[in-house]
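Here's a quick walk through the strands and helices of this protein. Have the fold on screen while you read.

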Amino acid sequence: MSADGLKARVTDAVDRLAEELEALSHRIHDHPELAFNEERAHAWLVEFLEKHGARVERGVGGLPTAFRATIPGSAPGPTIAIMAEYDALPGIGHACGHNVIATAGAGAGAALAAALGSLPFAGRVQVIGTPAEEGGAGKVRLLDAGVFKDVDAAMMIHGRCGTQVWRPSLGIIKAKVEYFGQAAHASSWPWRGVNALNAIIQLFVSLDLMRQQLRPEARVHGVITNGGAQANIIPEYTSAEFYLRSRSVVYCRELARRFQAAADGAATATGCRAQVTVDPTVHEPLRANPTMAGLFAKNLEVIAFPEDPDDGQAGYGSTDCGNVSQRIPTIHPYIRISPDGVPGHSREFATWARSPLARAGMLAGAKALALTALDLLAAPDRLAAAKADFEKEEDS
Ligand SMILES: [Zn+2]
Ligand SMILES: [Zn+2]
């Protein structure tokens, strides 16, 4: 069969699965589950993939809500992974649209299995269910557990207010700070207390001043996770969590150094003791892969789902997919699931993640992922070019 004929069979299969995929996307959206607790989404996605002919392993990499579904090829060969995320955010549900990522990825795998049974090329496609993108760095756990060991190239889509095949992402170092003071009556003996909330406030002020001298794409932001117990007690213990982000891990480490100095300074100023704990898991920035991005963009043309110009109105987020992209050739294209200008992690975006636009973006994502995986398996020189891209030096 010609390459075009093969692609048409796969896109037709996605269209035949459209109702089932949309229902699955809505079901996941209606039952938001937080990082590492995505039990229902895991069960529904696994069931869907098995029903359409993929061979599924549950709980891979030691994570109960991870999975790996394999669509075999005609002979041993390279492995192309399609990643699926399905965790939600605390309090605001599927405001990152991971229900769309999940169903686009599972839809790609199910369409390949349903249309072709096994692929007419050497190698295989795997749909890897990756839990806990929001804050849990689930992909780092799966990388460490060897789940991506045999993967030659990986890809996923993410919903956004526009379709852009390439957008950078920021690295993150996460830091927690705790201040230890001394409790006392806030009215009758305030001079006998050491105020741990003052230390946190001083730290926020210092970071706000520091921000003036940071590189434009750096981001430092935090929340107070414990600000004291009651207004009539001088807080003896407070805590806060921060993300320190930038385009390079090297600069993230510089931010961590300055953060430590600011935290120590706030302790000195207030007479508290500071304890800074830096999360050993570093989120790495996305590494570009122009070859794979080019194939994906061509497939968007094939299915008449156009790329949008980036309006430059938004900054960059981060993803644990960045860590995958620093190990193997990877792409993380964005697909439109909302009108222009709707921020991710907003209640408005959560609503759009369950809309006709989300359905269109999810089906386009499923098609473009499946076709790009076929492109990489059909011609070994394309995969070789993707690997050559990966080997190129990047600026830090
Ligand atoms: Zn998110
Ligand atoms: Zn997300």
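This is a predicted model: local features need pLDDT of at least 70, side-chain atom pairs count only at pLDDT 80 or more; totals for chains, interfaces and linings use all residues.

## The mixed sheet

Start with the open sheet of 6 strands, which runs in the order β1-β2-β4-β3-β5-β11 with mixed pairing. Which strands stand at its edges? Those are β1 (55–58) and β11 (330–331); each has a single partner strand, so one side of each is left without a neighbour in the sheet.

Over at the β11 end, β5 (residues 153–155) pairs with β11 in the parallel sense, over 2 bridges. Look there for A154, which sits opposite T330 of β11. Helix α4 (residues 98–116) packs on this sheet and touches β2 (67–72), β3 (75–84) and β4 (122–129). The direction of α4 makes about 150° with that of β3.

## The antiparallel sheet

Now for the other open sheet: 4 strands, ordered β8-β9-β7-β10, with antiparallel pairing. Its edge strands, β8 (219–226) and β10 (273–278), each pair on one side only. From one strand to the next, the twist averages 20°.

Strand β7 (residues 171–180) is joined to β10 by 6 bridges, and the two run antiparallel.

## Helices on the antiparallel sheet

Helix α6 (residues 196–210) packs on this sheet, with contacts to β7, β8 and β9 (237–246). Its direction makes about 15° with that of β9.

Helix α7 (residues 249–270) packs here too, touching β7, β8, β9 and β10. The angle between the directions of α7 and β7 is about 10°.

Definitions and conventions: Residues are numbered from 1 along each chain as its sequence is written. Chains are lettered from A and ligands numbered from 1 in the order in which they are written. Side-chain values use heavy atoms; hydrogens and water are left out. Two strands pair if DSSP finds at least two bridges between them. Contact means heavy atoms within 4.5 Å. Axes are lines fitted to C-alpha atoms, for helices over the stretch in contact, and angles run from 0 to 180 degrees between N-to-C directions.
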